[in-house]
Amino acid sequence: MHRLCLLLATLLTLASLPGHAAGLRFSLVQTAETKTLDAFTVEGGSWMQTAVANHMAVLIEHHAATLLFDTSLGRQVDSQFESEMPWYDKPLLQYGEVRPVRDQLEPDGVRVDRILLSHAHWDHASGLADFPEVPVWAPYAEIEFSQVAAPPAVLPSQFRHGVKWVPYDFLPNPFMGFEESLDLFGDGSLVLVPLSGHTPGSVGLFITLEDGRRFFFSGDASWRLEGFTGPREKFWISRNMVDNDRDATRAVLGQVHELIEQNPSLTVVPAHDARAQQHLAVYPNWTR
Ligand SMILES: [Zn+2]
């Protein structure tokens, strides 16, 4: 009996340690994959080699809620793309065959409680229309951006179904070198930080598993891990097309560069970098 009490007390202590959420797990839900020239993705990239660009969302199971970080390409992406993407941008933005997130989760009975957007660009927000009942968390600046920005960055039809926005502000709580953060469940396991630059309200998400392994999902601040380790910007044509504020994006690259230097065990995961994602479990498998 005494030993059981001790065990229970230890488990309770572990569960309440900052950065620890019992049973937390995540899975990459891949919706599409395209090959592109290495040089298009990062400054100084090779013109001879190809790079694989993934489209994916991150499904996260916390004991308090099931979350989706981004929605990736949704069921209506073809009509969204055909009707609103300017013809001259289409060749560069091809995405191939799509397996929408909801099509993958529904047969398994997975219910999403909350969506978090890394940012409102078309290839991250396309699947919002497949989850009209789910609240969508984003900073005020990104919600406004989604309402005023135009193609190719933002496709207005993706928001026309009436998004259940939940706007939020970051708090002045320093986390991993960032001056502001938002700890979603107060246990340090899922923490958002601002990455303003690529879009005004871009955010990154730290996921810390029970055993202390930590991952940083960095959205599109860089398309490639090399963009942070360099640091190196995107290819100039690409960044002119997609980065809303070049100086701010460059500052974010420097900040994440520093983050990696200070935390060599941290796994940084740009949203489209297939190579950086190759050791992470893809749905229906889980990293836990
Ligand atoms: Zn983007």
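Let's start at Met56, which sits in strand E2; strands here are DSSP runs of E, at least two residues, and helices are runs of H or I, at least four, all numbered from the N terminus. Bear in mind that this is a predicted model, where local features need pLDDT of at least 70, side-chain atom pairs count only at pLDDT 80 or more, and totals for chains, interfaces and linings use all residues. Residues are numbered from 1 along each chain as its sequence is written, and side-chain values use heavy atoms, with hydrogens and water left out.

So, is Met56 buried or exposed? Its relative accessible area is 6%, so Met56 is buried; that label means under 20%, exposed means over 50%, and partly exposed is in between, with a 1.4 Å probe and protein chains only. Leaving aside residues up to four places away in sequence, Met56 touches, among others, Leu28, Asp70, Phe217 and Gln277, a contact being heavy atoms within 4.5 Å. His124 is 68 residues away in sequence, yet its C-alpha is 8.2 Å from that of Met56.

Now the cores. The largest nonpolar core has 26 residues, and Phe26, Val58, Ile60 and Ile207 are among those with the most contacts inside it. By core I mean buried Ala, Val, Leu, Ile, Met, Phe, Trp, Tyr and Cys residues joined through side-chain atoms within 4.5 Å. Strands E1 (25–37), E2 (50–62) and E9 (203–208) are among the elements giving it two or more residues. There's also a second, separate core of 23 residues, including Leu105 and Phe131.

Next, helix H6, residues 140–148: which of its residues are buried? They are Glu142, Ile143, Phe145 and Ser146. Down the axis of H6 they fall within an arc of 160 degrees, so they line one face; the arc uses directions from the helix axis to the C-beta atoms. That buried set packs against strands E5 (136–139) and E6 (165–168), while Glu144, Gln147 and Val148 are exposed on the other side.

Last, salt bridges: there are 18, each a side-chain nitrogen of Lys or Arg within 4 Å of a carboxyl oxygen of Asp or Glu. Take Glu233, which is buried at 12% relative accessibility. Arg246 bridges to Glu233 at 2.8 Å between the closest N and O atoms, and Arg250 also meets Glu233, at 3.5 Å, N to O. Arg250 itself is partly exposed, at 39%.
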